Amino acid sequence: MKKFYFVALLSLTCFLAHAKDITNEKLEDTMLFGDVRSGAEHIPFATVMVKGTTMGTAADVTGHYKLVGIPEGKQQVVVSAVGFQSRSYELSFKIGEAVTLLAELETDDIGLEQVVVSADRSEKSRREASTIVSTISPKLFESTQSVTLSEGLSFTPGLRMENNCQNCGFTQVRMNGLEGPYSQILINSRPVFSGLAGVYGLELIPANMIDRVEVVRGGGSALFGSNAIAGTINLITKEPVQDIYSINSSISVIGNNGDTDFNLSMNGSIVSEDYRSGMSFYGFKRQRDPYDANGDGFSEMSTIENGTFGASFFKRMGLRSKVNLDYFFINESRRGGSDFDVPNHEADISEAVDHEINSVNLTFDQFMRDHDKLSFFAAMQHVDRGSYYGAEQDLSAYGHTKDLAYSLGSQYHRDIDQFLFSPSELVMGLEMSSDDLTDQKLGYLDIETMEHVGTTTITDQSVKTFGFFAQNEWVTEKWRLSFGFRMEHYAITDQADSNGDISGNVFSPRASALFNLTERVQLRSSFAKGYRAPQIFDEDLHIETSGARQVIHENDPDLEQENSHSATFSIDISQTFGRWQTQLLAEGFYTALENPFTNQYGTADENGQVIYTRTNAEDGAKVQGVNLEFNASPGIRWMLQSGFTVQQSKFETPQEFHERRFFRTPNSYGYLALSYSPTASFKASVTGNYTGKMLVPYFGNTLSNPEEGQLNEVDPFFDLGLKVNQEFELSGDLSLQLYAGVKNLFDAYQDDFDYGIDRDPGYIYGPLSPRTIYFGIKLGNIF
């Protein structure tokens, strides 16, 4: 294995050695100026970049721009703006002469030409990507009144958010019928979103820090490593583009009890006049009351107090180099159960956690040759969590968990004029990641014996991976053919576990193809292998607690690596009918799991503790189905986004309850988002989520033998939301927006929650919240 990485490093070095760069970094006496329009309308804050360099600028509020110091000779100038198709112009620059460019952009209301980075770890238009990349924009977060990431993820084909605990609100996202740990969560393309952060992390991240979310369904381990079996979810944070500021405040009333959810957020950015440096920043404050749906004194939604601050900086070091630094800090406390006015250990039930998360990402980009790019990156996330998972005044239920995850590496992207039979694009790189987790049960005073019990280390795990990845994409007029692989070595050690260390070498290939059948019809197919290492996952760091039982997840000592084989095929039709832009996507997916992880339910001991042991199913499992997506818009006034999934997830042989079907996985689910703007200042939105029937285990106190439990098939749900907002221009650079709306209008909320201290808190399904009415106000210079 060491020999392989030596060869990989040598290959990367050879490519760099042949990548000649422009050595002259002196700013030339050249100038580009003009404006950016679409028809008769100017486009404010459009971006103007010189391809193959870090030079660029942004248009002002009137759509005019100026850029100086462009290298002499022929250059590709790329003009782009949100909601419009990017356009490239080839211009010639001479010293002492000014060039005028009056750029004209066509509308792209449904985002067909949006630039994405998650398809192959480099920037390209969605239509040029050989794998389907779905995006969630800030506009969709706004239309759905999603204050956190978790609330907006269900508005993407194949994705569904769910709550797995009445007490603390442990959530996860399922992709293509596979549970949360099968998806790789990335932050700015870096795998530092650890298992500990993943327990509550999707509800910790505020929506106002996100520029967009990119979703790639299907195996992605070839480029992104372990856990990318179902796909990848890449959170792209906001970057400074122009001078903007905004502040947003809202209050929500949850259900019929008068419980409230208060949110305050702010965003801003500053960019230098020469566009060589800039900074953006964001902040978020949230306070949510607990919500008790059935009046039994135990919450179905936890309290939340969240404070977040983050910033992004960039500095252009020369004509062809750039440094980016991103940082955010999250301080969040949540508590569910009962008796919220007393300490945790005095409550009948309390599940409480306090998070402090620090995350930083540093990237250096250097352009070489014409459009090649070399990147070095380092990312880190540190999570410090205090916890209490206990019932009936348990002093022994306090815990403390620390996690440090980091990723280091380099990546090189090269455009090759001719490789074998056509031009191609090569991306290759080295990446090392580490995740060090320590989980402790804190010491306490045993009241019965009056003796102090010391602190116990439950887990002291270290997961380290070393990977080399490479992918080449051949480009012709009709075809894009991609072949890539990732060679990875992982090593897992746990000082608190006597079962020994685990290590393995994994080869993950990937192949994909894009065929332009016509100008408007694209066919795509892909195949990929993936894996999950037998490590600790997010659900292992959550303890489901009631007065009757306490559920703890553990790995079987003989747990083996899980492997996957994934295939997708899709047809993507984009058509214009007069003023209407439409897109119809049909995507079939198939995943076969070898040695899939499954749970074996244990029986309660004398203290009510139940062990769920993660083992390997003997005969594998299969997940297959179809994602449908339809988007349409006749212009800026109307926008329709919709998606629906029909799928089936089954083990080859029966598992718990003698059932082959995956639990908590409906065979059908979908979403709808419709917005209408009759004027530039008014907008109305209708959104909805459908969840079909599914199987949910129940171990509640209404059963004659709760320990045996039963498997319930629950009814489908449809969650409908409405929102209206009106904007008022107060001055040339200040606007006011008022908005109001309702989530879950028909209160399609679960009506059979378990009752009392002995309830089953894991018996929860359906929409994340009951009917919720909200009002808000927003001030700023751009919305």
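In this predicted model, Arg37 and Asp35 pair through their side chains in a salt bridge, with N and O 3.1 Å apart. Arg37 is partly exposed, at a relative accessible area of 32%, whereas Asp35 is buried, at 5%. The structure holds 25 salt bridges.

**Salt bridges between distant parts of the chain**

- Lys743 and Glu151 form a salt bridge whose closest N and O atoms are 2.5 Å apart.
- Lys743 belongs to strand E45 (residues 734–743) and Glu151 to helix H3 (residues 149–152), and 592 residues separate the two.
- Both Lys743 and Glu151 are buried.
- Another salt bridge joins Arg664 to Glu162, with 3.5 Å between the closest N and O atoms.
- Arg664 sits in the loop between strands E39 (638–651) and E40 (668–679), and Glu162 sits in strand E12 (residues 159–163), so this pair ties together parts 502 residues apart in sequence.
- Arg664 is buried with a relative accessible area of 10%, and Glu162 is buried with 3%.

**Overall fold and dimensions**

- The protein has five helices and 46 strands.
- The C-alpha atoms fill a box of roughly 90 × 65 × 50 Å along the principal axes.
- Of the contacts between residues at least 6 apart in sequence, 67% join residues at least 24 apart.

**Surface and charge**

- Buried residues account for 57% of the 783 residues.
- The accessible surface is about 31,900 Å², and 55% of this belongs to carbon and sulfur atoms.
- The protein has 62 positive and 104 negative charges, whose mean positions lie 10 Å apart.

How values were computed: Residues numbered from 1 in each chain as written. Predicted model: local features only at pLDDT ≥ 70, side-chain atom pairs only at ≥ 80, totals over all residues. Heavy atoms only, no water. Helix = DSSP H or I, 4+ residues; strand = E, 2+ residues; numbered from the N terminus. Buried < 20%, exposed > 50% of the residue type's maximum accessible area, 1.4 Å probe, protein only. Contact = heavy atoms within 4.5 Å. Areas by Shrake-Rupley, 256 points an atom, 1.4 Å probe, with all protein chains shown as cover. Lys, Arg positive; Asp, Glu negative; His and termini not counted. Charge placed at Lys NZ, Arg CZ, Asp CG, Glu CD. Salt bridge = Lys/Arg side-chain N within 4 Å of Asp/Glu carboxyl O.
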